[in-house]
Amino acid sequence: MNITILDDYQDTIRTLACFGKIAGHHVTIWNDHTKDVDVLEGRLKDTEALALLRERTPIRAPLLERLDRLRLISQMSVYPHIDVEACTRRGVIVSSDMAPGRPSYATAELTWGLIIAALRRVPQEVAALRAGTWQAFPVGTGLRGKTLGIYGYGRIGAVVAGYGKAFGMTVRAWGHETSLARARTDGHAVAPSKEALFAESDVLSLHLRLIDATRGIVTAGDLARMKPTALIVNTSRAELIEEGALVSALNRGRPGMCAVDVFEAEPILQGHLLLRLENAVCTPHIGYVEQDSYELYFRAAFENVVNFVEGRPTNIVNPEALKVRH
């Protein structure tokens, strides 16, 4: 079977132990990124099974209509980037293991790496030290006794909250009522309101899924309520914050800092306004980009491919596609 893997930026997939699961198949791996439909058509015209790395490339109807040989799209986790309806019309099975109940520990760990890096000005001090300057920036701040706000107490938010408690922080959660009930069960306090969460948090971390209801849910007004010493952290989705609001807020000094791992358009090839700000710590969406996570994601994706080849497709999102052609 002709299998294609897109967006393996670091050329890592072929080094994974689980890569052996698709030995014997013809595998093509692309390390760069494109959303150009014509370019993708050329790359995927002979593809029968497409393995995706999360949501990096949108697979929509204009592209699917050109891929007559495609039979399977396999990945792990949510699939807002895939036009499932168009796949079903064309008899393309979408297989995605949702890994229910398992948080992305790697993302939670990076969240804390960003928090400490921002509050203690680690990237700036490293750069200054390399340039020959000793303790070049204003003194940083610690965590113990501070308030950690968790906006979206889901699987990852709960792990981040637990780490915050271990650091001696007071945790406050906000989100929909189901998540708040879980926060209470886990022994964390609930903020009296969204406004209070933003006003009282020393560190505020976003852990919401991006859907229509959450797009732009963090407004300029929310950010303006934050302390001038506060840090906002986003390892979820950039679009959760109202467009342009974060840069403006940082320039006004409320909050005083941000740490982000996500951007509106990825990968960033032409720079971004946040990269110009001294009070912003930015990483290139590496929250889940970690060896064990990759093994987990691609083991699931490759097992879907193997099972499909053996005539027993698994983790099917659109079972109606089975009736169209196979």
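**Strands, helices and rings: a chat about this model**

Trainee: How many bridges join strand S9 (residues 203-206) to strand S10 (residues 231-234)?

Mentor: This is a predicted model, where local features need pLDDT of at least 70 and side-chain atom pairs count only at pLDDT 80 or more, while totals for chains, interfaces and linings use all residues. Residues are numbered from 1 along each chain as its sequence is written, and side-chain values use heavy atoms, with hydrogens and water left out. Strands (E, at least two residues) and helices (H or I, at least four) are DSSP runs numbered from the N terminus. S9 and S10 run parallel, with Ser205 opposite Val233 in S10, and the number of bridges joining them is four.

Trainee: In what order do the seven strands form the open sheet?

Mentor: Two strands pair if DSSP finds at least two bridges between them. In this sheet the pairing is parallel, and the order is S8-S7-S6-S9-S10-S11-S12.

Trainee: Which are the edge strands?

Mentor: Look for strands that pair on one side only. Those are strand S8 (189-190) and strand S12 (280-282).

Trainee: Over the ring of which residue does the charged end of Arg43 sit?

Mentor: For this, NZ of Lys or CZ of Arg must be within 6 Å of the ring centre and within 35 degrees of the ring normal. The charged end of Arg43 is 3.9 Å from the centre of its ring, and that ring belongs to Trp30.

Trainee: How many aromatic pairs are there?

Mentor: Rings of Phe, Tyr and Trp (its six-membered ring) pair if their centres lie within 6.5 Å; planes under 30 degrees apart are stacked, over 60 edge-to-face, and the rest tilted. By this rule, the count of aromatic pairs is six.

Trainee: How do the rings of Phe19 and Phe302 pair: stacked, tilted or edge-to-face?

Mentor: Their centres are 6.2 Å apart and their planes are at 65 degrees. Phe19 is in the loop between S1 and strand S2 (26-29) and Phe302 in helix H11 (residues 291-309), so the pair ties together parts 283 residues apart in sequence. With planes at that angle, the pair is edge-to-face.
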